[in-house]
Amino acid sequence: MFAAFIHGITLAFGLILPLGAQNVFVFNQGATQPNWKKALPAIITASLCDTLLIILSVLGISVVVFTVPMLQKVLYLVGLLFLIYMGWSVWNSVPPNTEKKATAMGVKKQILFAMSVSLMNPHAILDTIGVIGMSSLGYDSGEKAVYTGACILISWLWFAGLALAGRTVGQFDTQGKWLVRINKVSALIIWIVAIYIAVQLFKLL
């Protein structure tokens, strides 16, 4: 049981650590919201989406998506469009503490964007299926439950900590200059992911 728990923690941390669209978005919300609690919609949505993907991958259900060619194409296309729009929105956003008139992203928009970068990113889904899902095959029901719980725990702790780190940066950056730069870098990273998805979609056509 303990080995399964450590395995889940190590594996989930290794997968979630790289700087991707999901991490960038949650960090950005922590940095730009008036306080940490205001970023909870993004934190909770990203965590719930990861929890769903992890459970589906361990159960083997999510593999179905990638066995139906049309579903693959639709997923890649929708994910591509979402990421292009999100990159544009983040690029043009202005932190609330700058001189320009701006408002922090609202609850509904946070939820929509968090869902898009979590569930509409085929690369992230493939990582979850190929690594977390496949690695669970060697465990029995009890160990598999512990392994799955450990992976989910890391997701929730990671996104909460990421938003907190963003909030810390936001507090130090009283003029909003660093937040503007973070927005630009965030948008570029999101667009790079979009380009990768576009390439994968082209290969499927």
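Aromatic pairs, to start. This is a predicted model, and the count comes to 5 aromatic pairs. Which residues do the ring pairs link into a cluster? Phe 25, Tyr 85, Trp 88 and Phe 113.

Next, helix 4. Helix 4 covers residues 69–92.

Now, what is buried on helix 4? Here is the list: Gln 72, Leu 75, Tyr 76, Gly 79, Leu 80, Leu 83, Met 86, Gly 87, Ser 89 and Val 90.

On to packing. Two numbers describe a pair of packed helices: the angle between the axes and the distance between them. Take helix 4 against helix 8, residues 177–204. Their axes come within 8 Å. The crossing angle is roughly 160 degrees. Anything over 145 counts as roughly antiparallel, so helix 4 and helix 8 are roughly antiparallel to each other. As for handedness, helix 4 passes helix 8 in a left-handed crossing. And the make-up of that contact? Its residues divide into 19 nonpolar, 5 polar and 2 charged.

Last stop, helix 3. That one runs over residues 40–59, with 20 residues. From first C-alpha to last, helix 3 reaches 28 Å. The expected figure at 1.5 Å a residue is 28 Å, and the helix comes close to that. What follows helix 3? Gly 60 does, and its phi is positive, near 85 degrees.

Conventions:
Residues numbered from 1 in each chain as written. Predicted model: local features only at pLDDT ≥ 70, side-chain atom pairs only at ≥ 80, totals over all residues. Heavy atoms only, no water. Helix = DSSP H or I, 4+ residues; strand = E, 2+ residues; numbered from the N terminus. Expected span 1.5 Å × (residues − 1). Phe/Tyr/Trp six-rings, centres within 6.5 Å; stacked < 30°, edge-to-face > 60°. Axes fitted to C-alpha atoms, helices over the stretch in contact; angles between N-to-C directions. Parallel < 35°, antiparallel > 145°, perpendicular 65-115°, else oblique. Left-handed = near helix turned anticlockwise from the far one by under 90°. Nonpolar A, V, L, I, M, F, W, Y, C, P; charged D, E, K, R; others polar. Buried < 20%, exposed > 50% of the residue type's maximum accessible area, 1.4 Å probe, protein only.
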